[in-house]
Amino acid sequence: MSRAATGGRPPKRGSLLVVGTGITGAGQTTLDAVTAIQDADYLFYCVVEPTTELWLRGLNPAATTLSDLYEEGKARTKTYADMTARIVTAVRSGLRVCVAFYGHPGVLVESTHKAIRLLRREGYAARMLPGVSAEGCLFADLGLNPGDDGLQGFEATDFLLSRRKFDPTSGLILWQIGALGETVSRPGITSRPDRLETLTRALRRHYPPRHRVVLYYAATFPTDRPVVQHCTLAALPRATVLPMAMLYVPPIAQRPLDPRILRWFD
Amino acid sequence: MAKKPSGDALALGHFLSKLATDDAFREAFNKDKRGIMNALEEPLLEETKAAIEARDQLGVFDSLKISNQNAGGASTKVAAAKRKAKKAAKPAGKKTARKASATKKTARKTRR
């Protein structure tokens with residue numbers, strides 16, 4: 001690995017490569033990621049598909065799951081800290097470690113970013129390769145081109161908590177609306193109607209009640225189809241929403257073009 | 001040094017990609033799962049075939065539910081905000097303590 005990844009110092013013996021397995025697993029894992037998985041001395045993984053797990057264990061027999069760190073009622077912040085500690089300890093022991101997360105390994109994954117920052121500070125080579133995220137699947141499945149009207153994306157809890165400013169004439173994506181305000185892991189989790197109501201109230205300040213929104217779930221297996229549910233904004237609090245859902249809010253009427261800028265472009 | 005990947009893993013990867021990209025192959029698989037898997041050029045282990053069949057029997061929403069446990073991200077922000085609020089509450093307590101000691105000082109001065 002290059003010295004750039006370690007701030008100019010010669011890298012220490014252990015190293016870290018973080019990769020993504022996409023949403024459907026094998027087919028959405030890049031060739032670079034597959035090579036990294038195969039070549040690693042040690043592989044940690046956190047995937048949701050049993051077939052992806054089987055595939056990873058076949059690619060690298062030295063594979064260990066990180067999913068055992070999720071426990072019912074355990075704070076997710078603690079789970080992420082434990083993941084970081086496990087990864088960092090393996091690298092410090094001098095191993096070439098690969099970590100594979102489902103989706104894009106840098107999207108809504110805290111432990112990978114933290115492990116990379118920590119290891120680089122200590123002089124280890126550590127970097128991330130991009131993967132296929134749920135957002136990438138959404139572009140393909142909804143026929144959405146972010147270049148048309150622009151696109152803004154927020155994690156749903158952060159959107160509410162930080163009162164994020166956004167432009168309703170551009171598309172809006174809210175990640176994880178099914179896990180709105182959830183701080184602990186628990187099975188069978190779905191969005192709470194009162195929290196969805198609060199989110200809807202925040203959106204209603206910018207969109208009409210009959211504005212059509214989309215609840216989107218990317219397909220997680222090659223024979224599955226993506227789930228695309230259309231509803232009005234007013235009906236959103238009554239929907240049952242799973243944590244993997246993304247909310248896409250299409251833009252309202254477009255802004256008029258700026259004539260001065262238009263002339264300037266001419 | 002890393003061990004060589006198993007032939008089964010490579011065959012499984014190829015099979016899953018074929019399912020995702022070849023519509024005719026996927027349709028044939030949906031009609032006769034076992035038959036298609038048995039007819040593959042690269043054979044899959046019996047354990048792998050069973051896993052694929054089990055996975056494919058799940059409905060779309062059931063398959064989404066299996067990933068519920070891992071969904072996260074929201075927590076960090078909420079937890080951090082709660083920590084911040086707790087921290088912000090502390091200096092107020094200290095201020096009260098300082099106020100009390102200042103009052104004591106004034107009382108001492110008055111006594112002198």
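Q: Which residues form one aromatic cluster in chain A?
A: Happy to start here: the cluster is made of A:F154, A:F159, A:F166 and A:Y207. This is a predicted model, in which local features need pLDDT of at least 70, side-chain atom pairs count only at pLDDT 80 or more, and totals for chains, interfaces and linings use all residues. Residues are numbered from 1 along each chain as its sequence is written, chains are lettered from A and ligands numbered from 1 in the order in which they are written, and side-chain values use heavy atoms, with hydrogens and water left out.

Q: Why do A:F159 and A:F166 count as an aromatic pair, and why is the pair called tilted?
A: Rings of Phe, Tyr and Trp (its six-membered ring) pair if their centres lie within 6.5 Å; planes under 30 degrees apart are stacked, over 60 edge-to-face, and the rest tilted. Over all chains, this rule gives seven aromatic pairs. In the pair of A:F159 and A:F166 the centres are 5.4 Å apart and the planes 55° apart, which makes it tilted.

Q: Are A:F159 and A:F166 buried or exposed?
A: Both A:F159 and A:F166 are buried. The word stands for under 20% relative accessible area, with exposed being over 50% and partly exposed in between (1.4 Å probe, protein chains only).

Q: How do you know that A:R164 and A:D158 form a salt bridge?
A: The rule asks for a side-chain nitrogen of Lys or Arg within 4 Å of a carboxyl oxygen of Asp or Glu. Between A:R164 and A:D158 the N to O distance is 3.0 Å, so the pair qualifies. A:R164 is partly exposed because its relative accessible area is 33%, whereas A:D158, at 10%, is buried.

Q: What makes A:E110 and A:K114 a salt bridge, and where do they lie?
A: Their side chains meet at 3.3 Å, N to O. A:E110 and A:K114 both belong to helix α4 (residues 110-121) of chain A, and four residues, about one turn of the helix, separate them. Helices here (H or I, at least four residues) and strands (E, at least two) are DSSP runs, numbered from the N terminus. With a relative accessible area of 39%, A:K114 is called partly exposed.

Q: What links B:K18 to B:D22 in chain B?
A: A salt bridge does, with the closest N and O atoms 3.0 Å apart. B:K18 has 32% relative accessibility and so counts as partly exposed, and B:D22, at 25%, is partly exposed too. Elsewhere in chain B, salt bridges that share partners join B:R34, B:E46, B:K49 and B:E53 into one network. The structure holds 16 salt bridges over all chains.

Q: Why do A:R163, A:K165, A:R201 and A:R205 count as a surface patch, and what is its charge?
A: They form a positive patch, since Lys and Arg count as positive and Asp and Glu as negative, with His and the chain ends not counted. Patch residues have over 30% relative accessible area and no salt bridge; like charges are joined within 9 Å, nonpolar side chains (Val, Leu, Ile, Met, Phe, Trp, Tyr) within 5 Å. Each charge is placed at NZ of Lys, CZ of Arg, CG of Asp or CD of Glu. A:K165 is exposed because its relative accessibility is 75%, and A:R163, at 69%, is exposed as well. A:K165 lies in the loop between α7 (156-161) and β7 (171-175) of chain A, and A:R163 is found in the loop between α7 and β7.

Q: What makes the phi of A:R163 and A:Q176 worth a look?
A: Most residues other than glycine have a negative phi. A:R163, however, has a positive phi near 45°, and A:Q176, not a glycine either, has one of about 55°. A:Q176 sits in the loop between β7 and α8 (193-204) of chain A, and counts as buried because its relative accessible area is 8%.

Q: Which residues form a nonpolar patch on the surface?
A: A:I261, A:W264 and A:F265 do, with about 400 Å² of accessible area together, computed by the Shrake-Rupley method with a 1.4 Å probe, where for residues only the protein chains shown count as cover. A:I261 is in helix α9 (residues 259-265) and is partly exposed, since its relative accessibility is 37%.

Q: How many helices and strands does each chain have?
A: Chain A has nine helices and 10 strands, while chain B has six helices and zero strands. Of the 266 residues of chain A, 53% count as buried; of the 112 residues of chain B, 29% do.
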